[in-house]
Amino acid sequence: MALDTGDQPKTFNWEDPLDLASRLTEEERMVWQSARSYAREKLLPRVVSAYADERFDREIMSEMGALGFLGATLPEQYGGAGVSHVAYGLIAREIE
């Protein structure tokens, strides 16, 4: 039985069952959305194609580097994006 807090009861979100999004900083949310958009729109179709043709698409690594997804936690002075370890985890989650 739920406690009566006077607010509307929360509905379960299958896309974010642990309500992770509400615990992220604005920067982490932006990184997450960028990684998600890239993974779904550009990466997925090419990975499926490369798997079917048994080949490796080297351009994917160049794109991910340009987006800051490779070495993301390294400081900017060393060529990284300088993001938090949480942001790196969000990138890895989407790319995986």
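User: Is Arg23 buried or exposed?

Analyst: This is a predicted model, where local features need pLDDT of at least 70, side-chain atom pairs count only at pLDDT 80 or more, and totals for chains, interfaces and linings use all residues. Residues are numbered from 1 along each chain as its sequence is written, and side-chain values use heavy atoms, leaving out hydrogens and water. Buried means under 20% relative accessible area, exposed over 50%, and partly exposed in between (1.4 Å probe, protein chains only). Arg23 has a relative accessible area of 58%, so the residue is exposed.

User: Which residue does Arg23 meet in a salt bridge?

Analyst: A salt bridge is a side-chain nitrogen of Lys or Arg within 4 Å of a carboxyl oxygen of Asp or Glu. Here the N to O distance is 3.7 Å, and the partner of Arg23 is Asp19.

User: How far apart in sequence are the parts tied together by Glu63 and Arg46?

Analyst: The side chains of Glu63 and Arg46 meet in a salt bridge of 2.8 Å, N to O. Glu63 lies in helix α2 (residues 59–66) and Arg46 in helix α1, so the parts tied together are apart in sequence by 17 residues. Helices here are DSSP runs (H or I, at least four residues), numbered from the N terminus.

User: At what angle do the axes of α1 and α3 cross?

Analyst: Axes are lines fitted to C-alpha atoms, for helices over the stretch in contact (heavy atoms within 4.5 Å), with angles from 0 to 180 degrees between N-to-C directions. The axes of α1 (residues 26–53) and α3 (residues 85–95) come within 9 Å, and they cross at roughly 15°.

Technical notes: Helices (H or I, at least four residues) and strands (E, at least two) are DSSP runs, numbered from the N terminus.
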